[in-house]
2 protein chains.
Amino acid sequence: MKKKISLLGATGSIGKSTLDVLRNNPEMFELVAFSFYSNIELAKKIIEEFQPKIVGVRDQSMAQTLTALYPKVEFIAELQGLIAVATAKDVKIVLTALIGSVGLLPTMAAIKNGKDIALANKEILVMAGYWVMQAAKENDVKILPVDSEHSAIFQVLQGQDMKNIKELVITASGGSFRDLTREELKQVTLEDALQHPNWAMGKKITIDSSTMVNKGLEVIEAHWLFNASYDKIKVVLHRESTVHSMIRLVDGAYFAQLGASDMREPIQYALTFPNRRPLKKEKVFDIADVAVLHFDKLDKERFPMLALAFAVGVKGGSFPTVFNAANEVAVNAFIAGKIKYLEIENLIQRAVAKHQEKENLTLEMVIEIDKQTRQKVYERIKL
Amino acid sequence: MKKKISLLGATGSIGKSTLDVLRNNPEMFELVAFSFYSNIELAKKIIEEFQPKIVGVRDQSMAQTLTALYPKVEFIAELQGLIAVATAKDVKIVLTALIGSVGLLPTMAAIKNGKDIALANKEILVMAGYWVMQAAKENDVKILPVDSEHSAIFQVLQGQDMKNIKELVITASGGSFRDLTREELKQVTLEDALQHPNWAMGKKITIDSSTMVNKGLEVIEAHWLFNASYDKIKVVLHRESTVHSMIRLVDGAYFAQLGASDMREPIQYALTFPNRRPLKKEKVFDIADVAVLHFDKLDKERFPMLALAFAVGVKGGSFPTVFNAANEVAVNAFIAGKIKYLEIENLIQRAVAKHQEKENLTLEMVIEIDKQTRQKVYERIKL
C-alpha cells in the first residue's frame, strides 16, 4: 500500500526536491494532490508524470485552462484550492512547501483532518506556533521538520531523553554576506544577495539567510518543534553547512548530523519517518572528502536580526508574528527593487518596536495582526 | 541505593579518570573493589579515600604489606585477586581498565557472575571477541564501551535501527607520527612515540596509536561490540580527535558524537547508561571555540598495521589473537629499549604470516595460541 502524499508548493525549490524523492520511490509514495502558484509549464509536467487527483491553482482562469487540458483532474483555485490539497481524502502526510504565512490556514486544515505534516513552511510556526502545535497535539498529528537544521536535530534526538539535552545548536552558514562589514552591506544588490555559498534555494530564503532572519525564524521554529526554551537554543557559525545542526547533552557531548547540502535527504526522512531508505544520488557524500569544517561564534552586532528573533521569541505572543510579517513584506519589496538591502532590517525593527501586544490572543487575532503588520510595512515602503 | 562498582586497573590513566568520575558522584557510586599493579602509593590513597572491601594486588608480599596497614580490607594477589575484584559481591558493573590480554579471565569471570562490563580493555575483544560476546549474551550482561570511539558510536546508535546503519566510521588522529614518512619512522625514539597530539594516555596505547595498531584493535573491537561486518567499518583521519566517531546511515547522513578529549565522559556514560549526568570539569567544551576540524582519507601504505588489522579481522578465528599478542610483546620490547620502532610492525607481520589456524577453536585454545605467540615473538626479539 503506497503512502498517499499531498504537496503544497510543488514548483518551488523544496517542491522539486520532494518530487524527486517521490520519483525515486514510486513503489512507496503516491502524489494525490499538489498546489502551485505560477509555473504552469512545470505544473503540466507534474500532472502528466504523477497523475494527481486534485491540483490547487492560483486563480479561476488558470483552473479553467487546465481543466480543458486534463479533464480527469480536479482544479481548485486560491485558498480553497490549497485547503482541498491539504485535506485530500486518504492522504497520510502533507508536505508544506508554501512560502510565508499563506501556508497557515491550509496547514491548520490538514492538521484538523488528521494529516501528518512534513513542514518546510517554517513561517507558520513563527507566526502561530502555539496554535499549530496545540492543534497537532489535539489531533494526534506529527509535525515532521523538513528544514535541514531541524531535521538534523530531530534525527539525533530520536531515542534521547529530553532531560539529557542541554542545548539545541543550530548551525548557520552566515549567508551570502557573511564576510562583509555592516558598512559594506549598504551597497549590496539583489543579485549579490541571491548568491548563497552552500545551498541552491528559493529567493526569499536566500535573502533571509543573508540577513540572518532565516536563522532567527529557525530559532523560533526550533522552540515550537522541540518544546525548547530560548536559553536552550544556540546558533553557531559554520561556513560549510556540512554539519546541519547539533544537540548538546548534559555531560558535554555533542551529537551532530552531517552530510551533503541536499534537501532530498531531510524531505525523504520526513516522508519515511521513522524508517530510512537509501537516497539515489549522483555524488555520494563522504566525510573523508570534506577536508575542513569551520566553527565560530556569531557576532550579534553584525547580525542584529538574530538577536531580534531571540528577543521576539522570548516576548512571545504575537511578537514573532510581527517579525515574520514585516520581513515578508520587506523582502518582497527588496526583490521588487523598491528598497535597499539594509532597509529590510529597519522595517522589521520598526514594526517590532511599534507593536503593542493584545491580551487574550487567539489565532484569529494573530492572523489579523499579521495582516495589519503587512499593511503598515507596505504603507511605510510606499512613503 | 548506590551502584556498586569494581575497577580493574585503578592506578592507570583510565583508572584515575574512573576514580574522578566516582569522586564527583559520591551519591551515585560505591567503589567496592579495585586492582592495581605496581603504584602502591597511589593505591594507598585510593584505599583511604574510597574504603573498598577487596583489593587485587600484584603479589603475596604486597598483599602482606597492605594487610598490615589496612586490616579491614581483603588483599588478594595475582590472577586470583583480579578475579575476586571482578566478581565481588553485589557489584553491578566492572570497569575493566587492565592493559592487554591479562584482562580476559577476570572479565570472563565477571560476565559469568552477571556483572555488566564497562570495557576499556579492548584487547580482550580482539583476542577472544567471539567467546566474550557469547558469554555476555548467555548471561544477559551488557558490554558498555569506554573507548571514546566506541562510546561515541554506541551513543549515537541509541534509538537507531541497525538496518538503517550503513557504516561505522571510526576517527583516527594519526598518532604521534602522522606527519612523518615511513623513511623518517626508522629513526624515531620511545620519547617521540609517547607524544600523542590530542590525548594524555598510558604508554602502550600511545605507542599503539602511533603504529595505528590501536586503530586496528578498535576496528576489531567495533566488529564484536556492534556485530558489524568489516566492510561496514571505516576509519577516517581526523587530526583533532574532536569528533570521537560517527555512524553513516543508509540515506547518506552521518551522526557524529563530538566533544572534549576527556575520558571521564565515556567512562561516566558507561557507568550511568542509559542515563546521563552533568560532568564536572574545569573547562567546558564549546563547539563555537573549535575553529577548525580536519578530515582525510587514511593512507594504507603509510599505516600497514591498519590494513593488517582488517585482514586478520576478516580471517577471524585466532588471527586477531596473534596480531594482538605479537603487538603486546613487541611494544613492551620497544618500551624496554630492546627493539627499534619499525620492528614492532615487522614482528606483528611475521607472527601473523606464520600463524597456522587450528580447527574447532575453543577459548582454551585461543588462550594457548596467545601464550605461544608471545613466546615465539619474545624468542625472536632475544635472537
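Residues were classed by relative accessible area, computed with a 1.4 Å probe on the protein chains only, as buried when this value is under 20%, exposed when it is over 50% and partly exposed in between. The structure is a predicted model, for which local features need pLDDT of at least 70 and side-chain atom pairs count only at pLDDT 80 or more, whereas totals for chains, interfaces and linings use all residues. Residues are numbered from 1 along each chain as its sequence is written, chains are lettered from A and ligands numbered from 1 in the order in which they are written, and side-chain values use heavy atoms, with hydrogens and water left out.

By the accessibility classes above, D299(B) is partly exposed, since its relative accessible area is 44%. D299(B) is placed in the loop between β12 and α13 (304-315) of chain B, where helices (H or I, at least four residues) and strands (E, at least two) are DSSP runs, numbered from the N terminus. The C-alpha atom of D299(B) is separated by 9.1 Å from that of L237(B), a residue 62 positions away along the chain. A330(B), by comparison, belongs to helix α14 (residues 319-335) of chain B and counts as buried, because its relative accessibility is 0%. When residues up to four places away in sequence are not counted, A330(B) touches I339(B), I344(B), L347(B) and I381(B), contact being defined as heavy atoms within 4.5 Å. Between A330(B) and I124(B), which are 206 residues apart in sequence, the C-alpha to C-alpha distance is 17 Å.

R23(A) is partly exposed, as its relative accessible area is 36%. The pair also takes part in a network of salt bridges that links D20(A), R23(A), E49(A), D262(A) and R264(A).

A further salt bridge is formed by the side chains of E167(A) and R248(A), at an N to O distance of 3.2 Å. This pair links distant parts of the chain, with E167(A) in strand β8 (residues 165-172) and R248(A) in strand β10 (residues 243-249) of chain A, 81 residues apart. Both partners are buried, since the relative accessible area is 10% for E167(A) and 6% for R248(A). Among residues beyond four places away in sequence, E167(A) touches K232(A), K234(A), I247(A) and R248(A).

The side chains of D251(A) and R276(B) likewise meet in a salt bridge, with 2.8 Å from N to O. Here the pair crosses between chains, from D251(A) in the loop between β10 and β11 (254-258) of chain A to R276(B) in the loop between α12 (264-272) and β12 (292-294) of chain B. D251(A) is buried, with a relative accessible area of 3%, and R276(B) is buried as well, with a value of 6%.

In chain B, strand β5 (residues 93-96) directs I93(B) and L95(B) one way and V94(B) and T96(B) the other way, and all are buried. In a regular strand the side chains alternate between the two faces of the sheet. With pairing taken to require at least two bridges found by DSSP between two strands, β5(B) pairs in the parallel sense with strand β1 (residues 3-8) of chain B over four bridges, and S6(B) stands opposite V94(B). Strand β6 (residues 116-119) of chain B also runs parallel to β5(B), the two being joined by four bridges, and I93(B) stands opposite D116(B) in β6(B). From β5(B) the chain crosses through helix α5 (residues 104-112) of chain B to β6(B) in a right-handed β-α-β crossover, a term meaning that, with the strands pointing away from the viewer, the path from the first strand over the helix to the second runs clockwise.

Chain B is superposed on chain A by a rotation of 180° with 0.0 Å of shift along its axis, at an RMSD of 0.0 Å, using least squares on the C-alpha atoms of residues with pLDDT of at least 70 in both copies. The two copies are therefore related as by a two-fold rotation axis. In chain B, the C-alpha nearest the axis belongs to G159(B), at 2.0 Å from it. Because 100% of the interface residues of chain B are also interface residues in chain A, the copies meet through the same surface.

Methods. A salt bridge is a side-chain nitrogen of Lys or Arg within 4 Å of a carboxyl oxygen of Asp or Glu.
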